[in-house]
Amino acid sequence: MVRSLTEDVVSVKQQMDFPILCQTCLGENPYIRMSKEKYGKECKICARPFTVFRWCPGTRMRFKKTEVCQTCSKMKNVCQTCLLDLEYGLPIQVRDTGLDIKDDVPKSDVNKEYYTQNAEREIGNSDGTRPVGLLGKAPSSSEMLLKLARTTPYYKRNRPHICSFWVKGECKRGEECPYRHEKPTDPDDPLADQNIKDRYYGINDPVADKLLKRASTMPRLDTPEDKTITTLYVGGMGDTISDAELRNHFYQFGEIRTTTIVQRQQCAFIQFATRQAAELAAEKSFNKLIINGRRLTVKWGRSQAARGKEAYQDGVSEMGTRLDPVPGLPGALPPPPALEEDAPTNYFNLDPGTSPNVMNISLPPPPGINPPPPGFGAPMFHMGSMGPPPPMGMRPPGHIHYPSQDPQRMGAHAARHGD
């Protein structure tokens, strides 16, 4: 029987001694026993026979096995069992969205076989340390992927399935039942309908849709429009982070002009010499800055005008702390009245019907001088008189006229009869 070189390469590739697995599927036990079955099943993606591995990841866990061949696993850089990305632990749809790539694997039998053969040839020519295809040419990391990436194994995913007999009330095994006796999830829940092919091709994956919605609501650091702002605010420092440690982290992004640490507020202000260095530092440090085991908050600083305006409106200090109102201070003054030509000029609140002859004005004596006795002081003069009042030395002493004695004023008649 004559076999082609491609078939020999496929045979060697499918007989690897160890599967490609993630830490979660492998389990927390470093000593596990695996069963190996050569050409045990066909790959659920390319439909070619491959070597199947089966093992138990831990106590009270279900047995797991490889679902796809190693060639399909290397083309997408995913685990052979859960089909999640080996670097980030995320679905393929989320990873491709974060890296902005679109790798369309053909789904027809003929095109799929041709595509797989080319991928195997490329894998054979590489050193095996990096992915192949568009994924190998993509950027090394993404901010969204770093935020969503799972940093620790999720062994809860290895639990047994739910016992269908217990759901119907017919399970008679009790505690010896290897399946879970729990209430199943809602069948209308999108996460209850997951398909291994949809996850591999990166389409209609409910887990990926949930993660992408979470990424859209995550906080972002918007770059200010004011190009003169080159200062970054670093909060949550505590008492253990020094000026040298801050400089050791931020100097890699550009020249630092000043570093100001405010111990009372446990924050610092890093001012760069250029705006480009500040933007690079903000992009690389936002939600990713950890010094001495503390995760620090990185934000853009504010201009002097914006800082004063916000502090006036919101009653907060430059450090962000809210200021309590000082007791005893008067409130805001009312705005002055509008200047109009027909505005009233009645400054003494007198009756508009009063005759101008009885509007008397007397000036008080200068400070430090006792007022003169009645009859010898400067008498009042009438604003309605035709001429100016006589000089003070030429006025004869006489009776002082009071406005209340005017017969035209209210109450003057009663006062006169009372006298």
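These notebook entries record what I looked up in a predicted model.

**Entry 1**

I then looked up the pairing of β4 with β9. Strand β4, residues 231-235, pairs with β9 in the antiparallel sense over 4 bridges. I noted T297 in β9 as the bridge partner of G235.

**Entry 2. Helices on the sheet**

**Entry 3. The nonpolar cores**

I looked up the largest nonpolar core, which has 21 residues. L232, V234, L246, F250, F272 and L296 touch the most other members. I found that β4, α11, β6, α12 and β9 each supply at least two residues of this core. The largest share, 4 residues, comes from α12. In soluble globular proteins, nonpolar side chains tend to be buried together.

I followed L232 in particular. Leaving aside residues up to four places away in sequence, L232 touches F250, A268, F269, I270, F272, A278, A281, A282, V298, K299, W300 and G301. I also found another core apart from the largest one; this other core has 16 residues, among them V52, V68, Y200 and Y201.

I turned to β2 (residues 49-55) and asked how many of its residues are buried. I counted 5 of the 7 as buried, so β2 is largely enclosed by the rest of the structure.

Strand β1 (residues 34-42) runs antiparallel to β2, and 6 bridges join them. I noted F50 in β2 as the bridge partner of K41. The hairpin of β1 and β2 has 6 residues between the strands, and A47 in this hairpin takes a positive phi near 65°. β2 also pairs with strand β3 (residues 64-65), in the antiparallel sense, over 2 bridges. There I recorded W55 and K64 as bridge partners, K64 being in β3.

I asked why helix α4 (residues 92-99) is largely enclosed by the rest of the structure. The reason I found is that 6 of its 8 residues are buried. I listed the buried residues of α4 as I92, Q93, V94, R95, D96 and L99. These buried residues pack against α3 (70-76), α6 (134-137), α7 (143-148), α9 (196-201) and α10 (206-216). After α4 comes D100, whose phi is positive, near 60°.

I then looked up L145, which is found in helix α7. Its relative accessible area is 0%, so L145 is buried. Not counting residues up to four places away in sequence, L145 touches Y88, L90, V94, R95, G98 and L99. I noted 7.1 Å between the C-alpha atoms of L145 and Y88, which are 57 residues apart along the chain.

**Entry 4. An annotated span**

Finally I consulted UniProt, where an unreviewed entry lists residues 157-184 as "domain: C3H1-type". In the model I found the end C-alpha atoms of residues 157-184 to lie 15 Å apart. I recorded this span as 14% helix and 0% strand.

Note on methods. Residues are numbered from 1 along each chain as its sequence is written. This is a predicted model: local features need pLDDT of at least 70, side-chain atom pairs count only at pLDDT 80 or more; totals for chains, interfaces and linings use all residues. Side-chain values use heavy atoms; hydrogens and water are left out. Two strands pair if DSSP finds at least two bridges between them. Buried means under 20% relative accessible area, exposed over 50%, partly exposed in between (1.4 Å probe, protein chains only). Contact means heavy atoms within 4.5 Å. UniProt positions are given in the numbering used here, feature names are shortened, and annotations may be inferred rather than shown by experiment. A nonpolar core is a set of buried Ala, Val, Leu, Ile, Met, Phe, Trp, Tyr and Cys residues joined through side-chain atoms within 4.5 Å.
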